[in-house]
Every structure is written in structure tokens, then in C-alpha cells.
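Subject: Structure handover

Hi,

Here is the model I promised to pass on.

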Amino acid sequence: MKNLVSSIGSSIIEFSNYVGRLLFFLADTFRWTFVPPFLIRETIKQIYLIGVKSISLTSISALAIGLVLAMQTIWILSKFGAINYLAAVVGLAIVKELGPVVTALMVAGRAGSGISAELGSMKVTRQIDALRVSAVNPMKYLVTTRVIACMVSLPILTVFADALGILGGWLVGVSLGGINSRLYWDTTLRYVTLDADLIPGLFKTIFFGLIIGVVGCFHGFNTSGGTEGVGLSTTSTVVSASLMILISDVFLTRLLQLFIEGI
């Protein structure tokens with residue numbers, strides 16, 4: 001019993017220490033984000049590496065989810081004679097929840113791990129120390145550019161994911177459900193609104209991008225132990241970022257619901 005209590009206490013202390021260090025790192029990131037010079041060229045480069053290079057991955061994932069979601073939904077709706085509402089169900093599910101979350105998880109797995117591996121390699125080979133010696137602020141040059149790139153890229157990638165997810169639902173609805181193509185798109189536009197559905201979903205992705213960028217950079221900056229440490233940091237980044245995305249999605253969804261209801 002004593003060992004169990006000690007183990008639980010150690011885990012709580014370790015978790016609290018991790019959260020505290022991460023919050024201090026986040027505060028430092030915000031501080032340097034608004035201090036000139038603003039590295040526009042480097043930020044655009046990171047947007048290309050993080051965003052453009054992830055389009056194929058997130059788009060294929062969203063299309064597959066749209067197809068599967070429509071296949072499952074059409075089977076259920078057919079039992080209630082409500083197959084014409086397939087467009088509304090798929091459109092709302094993709095735009096409000098699946099599009100933003102799946103895109104964030106895919107980017108966390110690809111770009112988040114890449115950020116951690118890159119910065120971790122720089123840390124263990126003392127390249128970050130070399131930047132400090134060269135009077136280059138690593139937080140400004142390495143961290144803020146990647147965090148901003150993640151926050152800019154996620155909403156753009158989500159727009160593509162939403163469109164392809166809805167397209168997947170349309171393909172299934174027309175081919176398997178016999179739904180009129182024009183009716184499908186009219187129903188989608190009627191039920192999926194800009195202010196109550198699309199914008200809140202895109203708003204969440206800004207926070208998801210912040211999580212991916214900060215967690216990836218944090219683990220990269222705190223890498224130790226050579227190449228083995230780089231691998232551990234990469235794994236920790238994907239696990240931590242994915243869990244934070246899913247947990248934060250719960251709170252963001254509820255806050256946005258309260259905000260929309262109060263308007």
C-alpha cells in the first residue's frame with residue numbers, strides 16, 4: 001500500500017512539473033512572438049513544410065472518414081426512412097468535429113513529431129548552443145516561427161479536409177443511397193452554416209495548432225541522451241499533443257456552444 005501511494009504521489013509530482021515547465025515555455029513563446037524582428041521568411045518556410053507538405057495526408061484521411069461515416073450513417077437512416085438527411089448528418093459531423101480533430105491529429109503525428117525530431121537533433125548536437133553563441137535567439141528563430149506556422153496551417157488544412165469529407169459523403173449518398181445530387185448539396189448548404197458550424201470548427205484548430213507547435217518545440221528543446229533521446233522526445237510529442245488535442249476539444253466545444261447560445 002505504501003509503495004502504491006508513493007508511486008501515485010511521484011506520478012502527480014512528475015505530471016505537475018511537466019505542466020509547469022510547459023506553461024513557462026508557452027509564456028516564453030508568447031513573449032518572443034511579439035518582439036521584433038519578425039522572421040517572415042522563416043515563418044513562410046515553416047508554413048510550407050508544416051502545412052503544404054501535410055495537405056495530401058490530411059485530405060486523404062478526411063475523404064476516407066467522409067466515405068466511412070456516410071456508409072455507416074446511410075444504413076442507420078434508411079431504417080427510419082430519413083435517408084435524405086444524410087447530407088446534414090455528414091456535413092455537420094465533418095465540419096463541427098471530425099474535420100478539425102482528425103486534421104490536428106494527422107498534423108501532430110507528421111509535423112509535430114518532425115519538429116521535435118529536428119529540434120531534438122539540434123539540441124543533442126549543440127546546434128542550439130551555437131545559435132546562442134552567434135547571437136541568434138533560439139526561441140525567436142526556432143520556436144515562434146514553427147508555432148505561428150502551425151496556427152496558420154491548421155485552419156487552412158481543415159478547410160480542405162472539410163470539403164473532401166463532405167465530398168466523400170456525397171459520393172456515397174449518390175452512389176449507394178440514390179440521393180439526388182442537387183438535393184444533397186442543397187441540404188448541406190441549408191444545415192451547415194458559416195457562423196454556427198464552420199467558423200467555430202476552424203477557431204478550434206487555431207488552438208490545436210498552438211498545442212502542436214508548443215509541445216513539439218518543448219520536447220525538442222528538452223531532448224537529452226543522444227539519438228535515443230531524440231526518439232523518446234518524438235514519441236512523447238505525438239502522445240502528449242494528441243491527448244491535449246482531444247482533451248482541449250471537449251472544453252473548446254462546450255465554450256463555443258455556450259458562446260453561440262448566448263448570441
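A disulfide here is a pair of cysteine sulfur atoms within 2.5 Å. The structure holds zero of them. Cys150 is buried, at 0% relative accessibility. Cys217 is buried too, with a relative accessible area of 0%. Buried means under 20% relative accessible area, exposed over 50%, and partly exposed in between (1.4 Å probe, protein chains only).

Before the rest, the ground rules. This is a predicted model: local features need pLDDT of at least 70, side-chain atom pairs count only at pLDDT 80 or more, and totals for chains, interfaces and linings use all residues. Residues are numbered from 1 along each chain as its sequence is written, and side-chain values use heavy atoms, with hydrogens and water left out.

Aromatic rings next. Rings of Phe, Tyr and Trp (its six-membered ring) pair if their centres lie within 6.5 Å; planes under 30 degrees apart are stacked, over 60 edge-to-face, the rest tilted. That rule gives seven aromatic pairs. One of them is Tyr18 with Phe218, edge-to-face, at 5.7 Å centre to centre and 80° between the planes. Tyr18 lies in helix 1 (residues 2-33) and Phe218 in helix 8 (residues 194-221), so the pair ties together parts 200 residues apart in sequence. Helices are DSSP runs (H or I, at least four residues), numbered from the N terminus. Both Tyr18 and Phe218 are buried.

Phe25 also pairs with Phe218: centres 5.6 Å apart, planes at 75°, so edge-to-face again. This pair links helix 1 to helix 8 across 193 residues. Phe25 is buried at 10% relative accessibility, and Phe218 at 4%. Ring pairs link Tyr18, Phe25, Phe218 and Phe221 into a cluster.

Last, a helix pair. Helix 6 (residues 138-175) and helix 7 (residues 181-191) pack at about 140°, with axes 10 Å apart. Axes are lines fitted to C-alpha atoms, over the stretch in contact, and angles run from 0 to 180 degrees between N-to-C directions. In contact (heavy atoms within 4.5 Å) are residues including Leu167 and Trp170 of helix 6 and Tyr184 and Trp185 of helix 7. The contact residues divide into six nonpolar, three polar and no charged. Ala, Val, Leu, Ile, Met, Phe, Trp, Tyr, Cys and Pro count as nonpolar, Asp, Glu, Lys and Arg as charged, and the others, Gly among them, as polar.

Best wishes

Conventions: Helix = DSSP H or I, 4+ residues; strand = E, 2+ residues; numbered from the N terminus.
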